[in-house]
Amino acid sequence: MRKKVLCDILIKNTSYLDENMEVQDHVSIIVAQGKILKIFSDKADMDEETQDRYETKQIIDGENLLWIPGLVDGHMHTGQQLLKGAVLDELPMIWTRIMLPFESTLTPEKMQLSAQLAALEMIKNGTTGFIDAGSYYMEEAVKVYLESGLRGAISHSSMDQGNFPDSIRQTTDEVLASQDRLYEEFHGQGNLQVFYSLRALMNCSQELIVKTAERAREKNTKVQAHMNEYAGEVNYTLQNYQQRPVEYLDSLNVLNDHFLAAHGIMLSPSERALLAQKGAKVVHCPFSNCGKGVPETPDLLERGVCVGLGTDGAAHGGLSLWNEMKIFRSVMNAFHGVKNANPAVMPAKTILKMAFTNGAHILNEEQSGMIREGYQADLIAINWDQPQLYATANRVNTLLECVCGNDVSDSIVAGKILMHNRQVLTLDEEKIMWQAKEYYKAGR
Ligand SMILES: [Zn+2]
């Protein structure tokens with residue numbers, strides 16, 4: 001008798017979005033050791049003899065489900081999770097008037113609750129991977145994220161110049177030591193990585209920028225920074241260094257394929273060319289960016305830049321990438337499409353790929369971001385058995401236009417089920433919600 005292949009999950013009788021962005025029906029997917037081991041066509045391959053070869057621990061009935069790669073939030077702020085509702089319609093600069101003063105009052109308890117709520121919100125919205133832009137007490141967030149099973153990258157909020165409250169003021173050496181400590185303690189634990197960070201160029205000395213990039217290069221991890229987000233920031237580097245932000249970083253030898261520019265709104269053609277040439281990555285945050293400008297995404301993509309999508313944290317309209325994708329599509333069409341009479345300036349397939357394939361590439365650089373044999377098993381299921389989704393002439397278009405976070409029924413990360421039938425299995429949702437209500441009632 002042939003030896004049985006031991007597997008973790010069998011998803012039976014289901015549909016999935018393949019690497020060519022086509023929906024395949026009547027398939028079964030087998031997950032083992034964190035990877036997609038096999039995708040069977042039910043009709044051709046999944047006969048009883050074949051089925052008998054696999055011994056699976058868990059079986060998911062995949063009828064009415066459409067599996068797609070898990071979404072990756074390429075730029076979020078765990079430390080701003082409790083600022084939901086606090087910044088809409090506020091005058092600038094919300095970052096210096098609201099965000100930073102709040103972050104200066106963070107405590108380990110607040111950070112734990114922030115990460116718990118962020119993890120729940122991400123899982124329930126189909127986000128399987130995230131990149132946190134950096135805050136304080138990140139070790140509290142790490143504990144929660146390890147428990148949640150999410151894949152992610154965290155970093156320390158890195159600034160050594162500017163007018164900050166005492167609790168978050170650090171010297172250059174202190175910032176570097178905090179970044180190193182976070183990396184040494186947590187990089188590679190569970191599904192987590194630690195990235196180095198430059199919070200914003202206006203708040204980072206030249207010494208901090210150079211040394212941060214050096215350390216990240218030594219450790220083969222990434223550097224992320226808020227880039228070209230505000231006119232004030234572009235003016236700052238022009239005034240002080242007679243160069244635009246991306247050109248300035250290039251002169252300091254910071255740009256490479258391990259550099260991640262969050263936002264990337266006000267990029268000149270030469271900056272876009274530099275990012276492409278150096279292989280640097282960009283993440284837009286559509287809801288947040290609408291208050292600042294419209295990025296030249298068609299040009300970035302044409303130049304071959306890997307562009308992902310992010311939420312910029314819960315304070316900017318929550319952590320749903322479904323919302324971000326819809327806003328992004330609308331903005332791209334209104335700004336770039338209409339003037340050129342090109343309704344397909346940013347097609348559904350491109351936007352979805354930005355959210356999962358590009359997102360996974362920015363986060364992992366491994367075989368991920370697609371449902372394909374041998375790739376990481378980070379995937380989510382959309383419950384298609386609902387009036388807002390049936391009937392449709394094109395399921396890929398409907399994914400972008402109509403699906404929202406509530407339609408995500410299941411989430412699997414690294415071959416582990418994080419949510420089944422909308423029940424989060426890795427975190428105690430009831431307890432976390434009780435704590436969130438207590439926090440809210442206390443009016444903090
Ligand atoms: Zn941000």
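1. Domain bounds in this note come from an automatic or database domain assignment, and the model they are applied to is a predicted one. On that assignment the chain divides into domain 1, made of residues 5–69 together with 373–424, and domain 2, which covers 72–363.

2. As to overall dimensions, the chain carries 15 helices and 18 strands. Its radius of gyration is 22 Å, close to the 22 Å that the globule rule gives for 444 residues, so the chain is as compact as a globular protein of that length. Taken along the principal axes, the box filled by the C-alpha atoms is roughly 70 × 50 × 45 Å.

3. Turning to the relation between the domains, the centres of domain 1 and domain 2, taken over C-alpha atoms, are separated by 30 Å. To the contact between them domain 1 contributes 20 residues and domain 2 contributes 23 residues. On the side of domain 1 that touches domain 2, the elements giving two or more residues are the strands β5 (65–69), β16 (408–413) and β17 (416–420) and the helix α14 (395–401). Of these, α14 gives the most, with four residues. By class, this side of domain 1 comprises 15 nonpolar, three polar and two charged residues.

4. From α3 the contact draws on P108, M111, Q112, A115, Q116, A119 and I123, while α4 supplies E140, A141, V144, Y145 and S148. The residues of this contact divide into eight nonpolar, three polar and one charged.

5. A second pair is formed by α5 (residues 172–186) and α6 (residues 206–219), with axes that come within 10 Å and cross at roughly 20°. These helices, α5 and α6, are therefore also roughly parallel to each other, and the crossing of α5 and α6 is right-handed. The contact is made on the α5 side by T172, V175, L176, Q179, D180 and Y183, and on the α6 side by E207, L208, K211, T212, R215 and K219. Here the classes are four nonpolar, three polar and five charged residues, to be read beside the eight nonpolar, three polar and one charged in the contact of α3 with α4.

6. Two peptide bonds deserve a look when the backbone is checked. The bond from P92 to M93 is cis, with omega near -10°, and M93 lies in the loop between β6 (71–76) and α2 (94–103). Another cis peptide bond joins Y390 and A391, where omega is about -15°; A391 is found in the loop between β15 (379–383) and α14, the helix that gives four residues to the side of domain 1 touching domain 2.

7. N64 is placed in the loop between β4 (54–61) and β5, and β5 is itself among the elements that give two or more residues to the side of domain 1 that touches domain 2.

Definitions and conventions
Residues are numbered from 1 along each chain as its sequence is written. This is a predicted model: local features need pLDDT of at least 70, side-chain atom pairs count only at pLDDT 80 or more; totals for chains, interfaces and linings use all residues. Two residues are in contact if their C-beta atoms, placed from the backbone, lie within 7 Å. Ala, Val, Leu, Ile, Met, Phe, Trp, Tyr, Cys and Pro count as nonpolar, Asp, Glu, Lys and Arg as charged, and the others, Gly among them, as polar. The radius of gyration is taken over C-alpha atoms; the globule rule is 2.2 Å times the number of residues to the power 0.38. Axes are lines fitted to C-alpha atoms, for helices over the stretch in contact, and angles run from 0 to 180 degrees between N-to-C directions. Angles under 35 degrees count as roughly parallel, over 145 as roughly antiparallel, 65 to 115 as roughly perpendicular and the rest as oblique. A crossing is left-handed if the near helix is turned anticlockwise from the far one by less than a right angle, and right-handed if clockwise.
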